[in-house]
Amino acid sequence: MDNWNNKQKVIVQLVCILLSLGLWIYVTNIENPIKSYELNNVPVEILNSDSLKDTGLALAPNQNFYVKLKVEGNTQDLFSIDKSDFKITVDLSEFVLKKGENKIAVNIKEAPSTVKIKNSSGLTITVNTEEYSTKEVPVKSEINVISKSSYYVATPVFSPETVVVSGPESLVNKVTKVIAEGEESNAVKTIVKDYIISAVDDNGNEVTGVQLSQKWVEATIEINEGKTVPIKINTTGTLPNGLRLKSISSDTTEIGITGPEEILNNVSEIGTEVIDLSGIKDSTTVEVALGIPDGISIHNGESSIKVNISIDKAQTKEFTILYSIVGTTAEGLTIIPDSDKVTITVSGYADVLNSLTEANFAAELDVSEYTEAGEYTKVPTVNLVGVDNVNIDSVSEVKLTISKDSQTSTNDPNTSTGNTEELNQ
């Protein structure tokens with residue numbers, strides 16, 4: 001019984017659906033009533049936007065223009081229409097626009113005859129404008145030229161070297177240059193060719209929506225068999241006192257050059273502009289221009305190099321060494337020094353100072369001038385042995401106590417002649 005009831009329900013539902021479908025077909029195809037319908041985002045075509053230039057204006061970027069149409073017609077006709085069946089335009093040459101926001105009435109040029117546009121008289125769009133701007137920007141190369149081995153490619157020379165960019169001020173301000181793009185391979189002779197150009201910003205991204213005074217530029221790319229020559233760093237003057245040039249060098253030690261054969265043959269090196277060492281006070285890196293002879297081009301296009309200048313500054317260091325007593329005193333005098341060592345302060349550069357040992361010092365104290373008992377101070381004489389570029393700045397004093405002693409010979413090696421054994425630092 002339950003199965004029979006379920007089957008009856010299904011049959012009833014199917015009959016209802018079929019009756020509804022039949023009624024809908026009858027209404028739409030036989031009765032075909034009049035209905036209203038809204039068609040959204042119907043595109044509007046902008047005509048003669050260049051006419052804005054005459055008043056110093058341009059269309060602001062990133063604008064899309066659409067309207068909403070309220071149409072009326074038979075149901076069957078409404079189902080068959082599409083946005084593309086309508087042609088709606090705005091001719092900017094027919095209006096006087098101001099900078100900023102402008103409301104403009106649209107013109108319905110084409111529409112299906114089977115429907116009626118109910119809101120045709122009140123359709124407008126909002127058009128934003130800004131100042132029209134122009135500026136001149138340089139042409140730069142993005143041309144990848146691959147030459148055969150031992151051939152050098154000069155930097156492309158463009159004609160013209162600059163191009164005028166025009167359009168909405170906000171877009172023109174973004175443009176920093178135009179680039180010529182292309183690729184050449186196995187190049188062995190000079191290339192003269194037109195390359196397409198595009199406007200880009202600081203990051204190399206293309207700026208669309210601007211106009212260029214021309215779409216192409218002519219590039220002349222000289223390709224000659226060249227050579228590599230060393231770079232000579234030129235200097236003048238001397239470092240201030242207390243400074244020593246430890247090294248002067250560049251990471252770029254040679255450079256590829258190209259040019260006419262008769263000029264290339266006479267170039268054996270490329271020199272830098274002269275670096276004045278008298279103005280250098282510390283280790284530094286300076287950028288200097290290269291002296292490129294007329295008619296010679298640099299392979300990589302760089303006209304300067306960075307030069308690393310390493311400076312040593314004079315330092316001081318103390319050494320404590322043994323000294324020797326020399327000379328003889330008057331008979332009957334005994335000499336007792338307060339120390340058998342002397343402190344020496346020397347100045348020079350670190351590598352020399354760090355290499356000094358006790359063998360590089362000879363210190364002597366001459367006591368032959370003393371003939372009377374008493375207390376005296378004297379600075380030993382110190383000489384450097386086997387070392388240059390070191391100065392002795394100071395030597396400490398030795399305090400001498402001289403007394404009369406009739407029992408002691410003045411030639412006693414433990415007194416008047418002092419201690420001549422070499423001492424450690």
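Q: Is Lys 68 buried, exposed or partly exposed?
A: Keep in mind that this is a predicted model. Lys 68 comes out partly exposed, with a relative accessible area of 42%.

Q: And what does the side chain of Lys 68 meet in a salt bridge?
A: Glu 38, at 3.9 Å from N to O. That ties together distant parts of the chain, since Lys 68 belongs to strand 3 and Glu 38 to strand 1, 30 residues apart. Glu 38 is partly exposed at 40% relative accessibility.

Q: How many salt bridges does the structure hold?
A: There are 9. Among them is Glu 72 with Lys 118, at 3.8 Å. Glu 72 sits in strand 3, while Lys 118 is in the loop between strand 7 and strand 8, 46 residues apart.

Q: Which residues are linked in a network of salt bridges?
A: Arg 244, Asp 312 and Asp 351.

Q: Switching topic: which residues touch the most other members of the largest nonpolar core?
A: Ile 143, Val 178, Val 210 and Ile 221, out of 24 residues in that core. Elements giving two or more residues to the core include strand 8, strand 12 and helix 3.

Q: What does Val 210 touch, leaving out residues up to four places away in sequence?
A: Val 165, Ser 166, Leu 171, Val 172, Val 175 and Ala 199.

Q: Last one: where does Asn 224 lie?
A: In strand 16. Asn 224 is partly exposed at 23% relative accessible area, and its C-alpha is 6.6 Å from that of Gly 259, 35 residues apart in sequence.

Key: Residues are numbered from 1 along each chain as its sequence is written. This is a predicted model: local features need pLDDT of at least 70, side-chain atom pairs count only at pLDDT 80 or more; totals for chains, interfaces and linings use all residues. Side-chain values use heavy atoms; hydrogens and water are left out. Helices (H or I, at least four residues) and strands (E, at least two) are DSSP runs, numbered from the N terminus. Buried means under 20% relative accessible area, exposed over 50%, partly exposed in between (1.4 Å probe, protein chains only). A nonpolar core is a set of buried Ala, Val, Leu, Ile, Met, Phe, Trp, Tyr and Cys residues joined through side-chain atoms within 4.5 Å. Contact means heavy atoms within 4.5 Å. A salt bridge is a side-chain nitrogen of Lys or Arg within 4 Å of a carboxyl oxygen of Asp or Glu.
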